[in-house]
Amino acid sequence: MPIKFDKENKIFTLTTKNTRYVFGIMDDRYLVHHFYGKKTAKYALYKPYCVSFSPYRGELGNTKSPDIFPQEYSFFGSGDFRAAALKLRGENGCCATDFTYKSHRISSVPKSGGAGAEIAGIPCGRPDENTRSLSVILTDETTMCELHLIYNVFYEEDVITRGIVLYNYGKAPVKIEKCMSASLDLPSCDYDMVTLWGGHYDERNYQRAPLHHGTQSVCSRRGASSPQYNPFFALCDKKATEDKGEVYGFNFIWSGSFLDEVEVDQTECTRVQIGLGEENFGYLLEPTKKGKPAKKDSSPFCSPHAVLTYSDRGFGKMTRNLHDFTRNHILPERAVSEPHPVVLNTWEACYFNIDEEKLVNFAGESAKVGFDMLVMDDGWFGARSGDRAGLGDWTPNKQKFKNGLGSFIEKVKSKGIRFGIWIEPEMVNPDSDLYRAHPDWALSVPGRQPLLSREQLVLDMANPEVIAYLKDSFKKTFGGLPIDYFKWDANRHICDAFSHALPPERQDEVHFRYMLGVYDLLRWFTVEFPSAQIETCSGGGGRYDLGMMAFGFQIWASDNTWPYSRTWMQRSALLAYPAATMSCHVSNPGDDLRALDFRYKVAVGGMLGYELNVLRMSEEIKKEMARQVKEYKTFEHLVRLGDYRNLASPFLCPYSAYYYTDKENKEFLLSVIEKEGIPAGRTKPLKIREAKPGKTYVDMLSGSRYSGKELKDGLVLPLTGEKFTAALMHLAEE
Ligand code: DGJ
């Protein structure tokens with residue numbers, strides 16, 4: 001059983017294939033964390049041992065201060081001075097709460113979602129028949145709130161997701177001032193912390209730094225998970241490598257502002273928290289009556305879910321746990337089971353300069369090359385001839401598409417190619433009919449001119465009227481059209497976060513409710529256009545997160561398509577997210593076949609596409625692209641579904657090397673990318689550990705044969721000595 005409760009000792013044990021998570025009830029009151037780690041490891045239950053100088057309950061004695069024992073979840077103001085997971089302000093203005101254990105429930109998880117998460121419309125790990133859920137219920141006698149700590153156990157993937165549901169059974173509203181979905185106290189501080197930081201055009205740089213006393217955090221205050229700090233992070237022992245050492249991986253199923261907070265405390269322990277935080281979050285929770293249907297605004301508050309995994313086999317295993325979890329429980333099922341289309345996207349080829357005639361020609365030429373789909377990017381709607389106008393007016397531009405969208409799409413499709421279209425639903429240009437009609441639908445502070453970013457403002461997705469308008473508008477424009485793909489962009493972050501639809505006491509909810517509105521609209525798209533796939537994007541990879549992945553087939557990884565930079569970005573994205581989520585495009589190689597080769601070999605690390613003016617490419621380049629697309633399709637399944645094994649990280653080596661392998665270990669796709677020219681260099685032995693010694697493997701791309709033993713011992717490949725070259729091998733068991 002993945003979840004057990006030992007009644008006598010009052011201990012909960014959550015078990016996955018390779019991990020164990022243990023906590024218990026102390027003195028019928030506190031939840032104490034005992035252990036999270038390897039399933040077969042010996043562990044000791046926490047026993048109060050030291051006298052504390054911190055506050056404690058008189059009847060329990062001074063060894064039981066909430067400030068010193070490892071907590072399962074922590075509360076502000078009642079004796080634990082470390083980072084709190086929950087801060088509530090009650091009717092009397094006081095923020096000290098003291099939630100204590102009341103009861104618990106173990107159940108399977110309804111197919112519709114995790115316990116509670118579906119109520120709030122927040123995506124969460126999709127359960128399967130093995131998923132089990134534990135709700136631990138705590139109450140606070142002063143606010144009369146009931147807190148449910150939710151644990152969903154994904155056995156096969158070694159993942160536990162955690163979230164909270166809060167009910168206000170008191171008489172007055174309470175204000176949630178800080179909310180973390182998970183809190184975990186680890187018994188050591190001897191860890192390094194790995195985070196992914198960056199910016200627009202420079203997403204997901206890798207940072208590994210030792211923990212230090214005090215609080216260290218990454219967060220987004222931008223209303224998007226952001227390219228600045230990805231919600232994923234890891235803690236690992238100091239010597240952890242790709243294959244060895246202990247690594248804890250954490251993530252958050254959420255696309256908005258967040259806080260990942262790690263505190264090393266006075267007992268040399270580490271508190272890890274993942275959640276909505278406090279700076280850009282607040283929520284007024286109205287009272288509700290037990291057993292009665294919730295009235296408007298009095299339904300419980302449900303947090304997004306945090307993701308926890310543990311590996312005793314280095315980063316590689318952590319990565320594969322997170323990849324499997326994302327494929328099996330987050331991505332839409334079709335995004336895993338169906339090959340992703342190889343698209344030709346018009347952005348880098350045309351920018352805003354598009355029209356019917358040009359794109360029908362694009363479609364014809366693209367079909368000849370063998371691309372599966374033409375994606376018409378920005379520039380097709382309203383008065384859109386640059387980024388200054390048109391956002392919000394989702395009707396086709398009459399000059400560019402004289403006969404409307406329907407007849408254009410028909411012409412595209414008659415060339416034998418599928419069709420995708422770009423949208424940016426959350427935004428509005430001040431120069432648009434929508435803004436002129438509804439200036440108060442943009443987030444803006446009354447009495448002050450809102451700040452522009454890329455010439456645009458952010459629509460108030462917390463306002464149901466805005467969502468209803470967008471649904472109606474997209475239905476009118478796209479209803480009945482055979483659109484196969486939407487590219488959903490979001491090109492700025494939130495400031496001036498004031499919603500004209502919310503009362504003053506709810507203005508702290510803007511970031512949270514904004515994202516609920518985005519998810520609502522995304523969900524509506526999946527229902528309204530069930531056969532269409534969605535690619536999400538946020539000025540490149542600015543919302544590269546599990547929340548977006550729950551709706552989209554894949555995510556545009558960055559506006560930077562320079563393959564050298566992509567080599568790093570892809571490596572660090574793959575630390576936490578499977579290749580199936582990563583849109584990788586080959587951009588204009590000019591007439592240079594060698595550049596085309598390099599761009600292609602980097603892009604095949606994810607979901608391949610092209611972003612170039614196919615009408616201007618030479619016959620030679622088109623012929624080569626046609627060959628590439630054909631070749632890619634012979635191993636696309638390995639990229640989309642395979643296990644990822646990193647052999648040489650570009651952050652540490654002058655080259656990058658990795659391979660994907662199918663679950664039966666019969667096929668391998670090996671990639672070596674030289675990012676620096678090392679004269680007469682050679683790779684270290686590139687060991688394909690899963691190769692079977694008795695078997696022979698054929699490289700389907702060159703015809704060369706290798707014994708399984710050779711592959712297992714490691715191929716030492718010559719490097720060309722020239723930067724920006726790459727080699728691919730598709731090895732298949734004979
Ligand atoms: C930013 C995206 O990342 C690009 O690919 C493109 O879609 C532009 N927006 C269009 O405005």
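**Entry 1: the ligand**

I started at Trp556 and the ligand. A polar side-chain atom of Trp556 lies 3.2 Å from an oxygen atom of the ligand. I count a polar contact as a pair of N or O atoms within 3.5 Å; within protein, one must be able to donate a hydrogen and the other to accept it, and residues adjacent in sequence count only if both atoms are side-chain atoms.

This is a predicted model: local features need pLDDT of at least 70, side-chain atom pairs count only at pLDDT 80 or more, and totals for chains, interfaces and linings use all residues. Residues are numbered from 1 along each chain as its sequence is written, and side-chain values use heavy atoms, with hydrogens and water left out.

Next I looked up contacts to ligand nitrogen. Asp489 has a polar side-chain atom 2.7 Å from a nitrogen atom of the ligand. For Asn491, a polar side-chain atom lies 3.4 Å from a ligand nitrogen atom.

How much of the ligand's accessible area does the protein cover? On its own the ligand has 290 Å² of accessible area, and the protein covers 99% of that. Accessible areas come from the Shrake-Rupley method with a 1.4 Å probe; for residues, only the protein chains shown count as cover.

Then I listed the shell. There are 13 residues around the ligand, and Asp377, Asp378, Lys487, Asp489 and Asp559 come nearest. A residue is near if one of its heavy atoms lies within 4 Å. The shell divides into 6 charged, 4 nonpolar and 3 polar residues. Asp, Glu, Lys and Arg count as charged; Ala, Val, Leu, Ile, Met, Phe, Trp, Tyr, Cys and Pro as nonpolar; the others, Gly among them, as polar.

Strands are DSSP runs (E, at least two residues), numbered from the N terminus. Two strands pair if DSSP finds at least two bridges between them.

Strand 1 joins strand 2 (residues 11-15) by 4 bridges. Ile3 stands opposite Leu14 in strand 2.

**Entry 3**

Strand 34 (residues 696-699) and strand 35 (residues 705-707) run antiparallel, joined by 3 bridges. Thr696 stands opposite Ser707.
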